Amino acid sequence: MALRTILTTEHDEEALRKHSRPVTVFNERIHKMLDDMIETLKESGGVGLAAPQVGILRRMVVIEREDGSILELINPEIIATEGEQTGPEGCLSLPGVWGEVTRPMTVTVRAVDRNGEPFEETASGLIGRCFMHECEHLDGILFTDRADHIMTQEELDALDEAAMEEMEAEGEQA
Ligand code: ZN
């Protein structure tokens with residue numbers, strides 16, 4: 001496995017705006033790319049990574065679930081959504097930028113695995129948000145296109161404070 005460089009809009013916006021092609025052959029080369037993407041995602045500390053973010057114009061996404069397990073989505077399609085959530089969203093390709101984005105609360109995706117076997121997966125909350133965000137990368141769409149507004153430093157600081165208070169409250173309960 002090898003770490004890949006994550007492209008950012010600052011240096012490679014053009015690459016991040018391209019449409020990715022479906023995967024049609026499920027061979028060693030594709031497996032190696034997926035392994036590299038997983039290693040790169042883990043190193044980054046992010047939740048999800050789409051192939052075009054590392055310069056591979058193929059419809060592939062890797063996501064780290066809340067329990068630490070990895071989900072690989074190849075040729076993913078959003079087939080159902082339910083509800084709504086509004087919250088802060090960021091992207092490994094836009095370091096330091098956060099926006100308030102409204103997404104469906106629950107998202108069902110249809111995809112194939114690394115051997116071409118089809119499956120469906122439903123997720124809510126953060127991972128549901130991630131399904132939407134990563135699938136859009138495959139069509140050159142960035143979360144800033146979807147954001148109600150880009151958060152200011154003041155708003156980010158307030159968010160940090162709220163998160164800190166929440167952690168302290170939880171600590172008191174324990
Ligand atoms: Zn992203």
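This section describes the sheets, helix packing, zinc site, salt bridges and cysteines of a predicted model. Because the model is predicted, local features need pLDDT of at least 70 and side-chain atom pairs count only at pLDDT 80 or more, whereas totals for chains, interfaces and linings use all residues. Residues are numbered from 1 along each chain as its sequence is written, and side-chain values use heavy atoms, with hydrogens and water left out.

Secondary structure was assigned from DSSP runs, numbered from the N terminus, with helices (H or I) of at least four residues and strands (E) of at least two. Strands were taken as paired if DSSP finds at least two bridges between them. On this basis, five strands form an open sheet in the order β1-β2-β3-β6-β7, and their pairing is antiparallel. On average, and with direction ignored, neighbouring strands are turned by 40° against each other; axes here are lines fitted to C-alpha atoms, for helices over the stretch in contact, and angles between N-to-C directions run from 0 to 180 degrees. The antiparallel strands β1 and β2 (residues 60–64) are joined by three bridges, and L49 has V62 of β2 as its bridge partner. Helix α2 (residues 28–44) packs on this sheet, where it touches β1, β2 and β3, and its direction makes about 40° with that of β2.

A zinc ion is coordinated by C91 (SG), H133 (NE2) and H137 (NE2) at 2.0 to 2.3 Å. Donors were defined as N, O and S atoms within 2.8 Å of the metal (3.2 Å for Na, K and Ca); water is not among the atoms, so sites may look incomplete. The spacing of the donor residues in sequence is C-x41-H-x3-H. Among them, C91 in the loop between β4 and β5 and H133 in helix α3 link distant parts of the chain, 42 residues apart. Both C91, with a relative accessible area of 11%, and H133, at 7%, are buried. The classes used are buried (under 20% relative accessible area), exposed (over 50%) and partly exposed in between, with a 1.4 Å probe and protein chains only.

The structure contains 13 salt bridges, each defined as a side-chain nitrogen of Lys or Arg within 4 Å of a carboxyl oxygen of Asp or Glu. One of these joins the side chains of E72 and R114, with an N to O distance of 2.8 Å. Since E72 belongs to strand β3 (residues 70–82) and R114 to the loop between β6 (106–112) and β7 (118–124), this pair ties together parts that are 42 residues apart in sequence. Both E72, at 15% relative accessibility, and R114, at 18%, are buried.

R129 and E89 form another salt bridge, with their closest N and O atoms 2.5 Å apart. R129 lies in helix α3 (residues 125–137) and E89 in strand β4 (residues 85–89), 40 residues apart. Relative accessibility is 7% for R129 and 4% for E89, and each counts as buried. In the salt bridge between E136 and R103, the closest N and O atoms are 3.2 Å apart. E136 is in helix α3 and R103 in strand β5 (residues 99–103), so the pair ties together parts that are 33 residues apart in sequence. E136 is buried at 11% relative accessibility, as is R103 at 4%. Salt bridges with shared partners join E89, R103, R129, E136 and R146 into one network.

The structure holds zero disulfides, a disulfide being a pair of cysteine sulfur atoms within 2.5 Å. The cysteine sulfur closest to that of C130 is in C135, at 9.0 Å, which is too far for a bond. C130 is buried, with 6% relative accessibility.

Key: Contact = heavy atoms within 4.5 Å.
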